[in-house]
Amino acid sequence: MSSTSARLSALSQQIRSVSTTAMKEAIVHKGPRVEIIDSEIPKPGPGQVVTKVVVSGCNPKDWKRPTFMPDAPAVNQGDDISGIVHAVGANVSEFKPGDRVAAFHEMMKPGGSYAEYAVSWASTTFRLPERTTFEEGAALPLAAMTAAVALYARLRLPAPWLPIPSTDPTPPRTPLVIYGASSAIGSYAIQFAQRSNIHPLICIAGHAGASHVSKLISPEKGDVVVDYRAGADAVVAGIRAALREGEKLEYAFDAVSEKGSYGNICRVLDHETGAITFVLPGKKYEGIPAGVRQSVTTVGSVHGDLKDFGGLEEGWFRAQPQEVVEGGLGGLQGGLERLRDGKVSAVKCELLVMSNLAPWSEMCGR
């Protein structure tokens, strides 16, 4: 073999090696400022799944963490994975390469979803039904699991598989306030509560999200939408108007947890038997009546003591409408800036990582 042929052969081998082991990954800095780097394709450990990312969900915490923790190392902040299984680790029998899945990445760990390949635990990975798109799949993991943890682990409401009986001519009422109802987390909380037959749902949302929320609730069961833009007194009056005379408000999920939200709730929440759960950790919630049971919902619990939340197999659970940011990883900064500037309402912001996607059957050899 000539020296020229040998060099060409070596170069070809290097290209093949790079193409099979390297990937692009987006690192999020304060600002937000996004830096795209070359990284090794992750390998799954025992109990883990590596997915080739088609769509990644974007969440407000993805720009907030670098902003509020500027001294922490900048990392890949993505946690909502939707794509095709690339490889599985030892002890994973429920997934195989080629499966269409969505997954929740373990926050602040390597292998986030702002990359061409991402890592998740099998326990927080689930198959996408044929009728579910990758965009819909990416809208689910973090937000849906947060809603499930809030309602069933923190507020201890009846689970969807043990709902409040609906055959009773006068079923018991369980008023529940969902503050921030048009957000992805709030919208999933509504759907879970509907499945649990929890009513009336008192949904606090802005004017822009009211039409979206109205499609999810059951007015015939007392569910209402209250516009927070009318001011604190109007919100409190709207909550009280949804209750029957002498009826207590004992449950509240505050998916906003700032800008006066929990203060409005606590003006109506029963001060002796009420329970409220928040979504912002590390915050001091002042002015909560002493008798109110309060908690903070952290979705990271599903990688700890709450591993039983997740799944999308039946048709009753619908993904939040999506707003897809084009441009691959290069479009991430613009998407995070829209979240930072409050320009995303009643939709889930997502990033199309893999463009020009061939039909799934072709990609999987089916």
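**Salt bridges and burial**

Analyst: In this predicted model, Asp99 and Lys96 form a salt bridge, with their closest N and O atoms 3.1 Å apart.

User: Why is the contact of Asp99 with Lys96 called a salt bridge?

Analyst: The criterion is a side-chain nitrogen of Lys or Arg within 4 Å of a carboxyl oxygen of Asp or Glu. The closest N and O atoms of Lys96 and Asp99 are 3.1 Å apart, so the pair qualifies.

User: Why is Asp99 called buried?

Analyst: Its relative accessible area is 5%, and buried means under 20%, so Asp99 is classed as buried. Lys96, at 43%, is therefore partly exposed, as its value lies between 20% and 50%.

User: What makes Arg173 and Glu247 a salt bridge, and where in the chain do they lie?

Analyst: Their closest N and O atoms are 2.8 Å apart, which is within 4 Å, so the pair meets the criterion. The pair links distant parts of the chain, 74 residues apart. Arg173 lies in the loop between helix H4 (141-154) and strand E8 (176-179), while Glu247 is in the loop between helix H7 (232-242) and strand E11 (251-254).

User: Why is Arg173 called partly exposed?

Analyst: The relative accessible area of Arg173 is 24%, which falls between the limits of 20% and 50%, so the residue is partly exposed.

User: How many salt bridges does the rule give, and which residues are linked in a network?

Analyst: The count is eight. Lys61, Asp62 and Asp79 are linked in a network of salt bridges.

How values were computed: Residues are numbered from 1 along each chain as its sequence is written. This is a predicted model: local features need pLDDT of at least 70, side-chain atom pairs count only at pLDDT 80 or more; totals for chains, interfaces and linings use all residues. Side-chain values use heavy atoms; hydrogens and water are left out. Buried means under 20% relative accessible area, exposed over 50%, partly exposed in between (1.4 Å probe, protein chains only). Helices (H or I, at least four residues) and strands (E, at least two) are DSSP runs, numbered from the N terminus.
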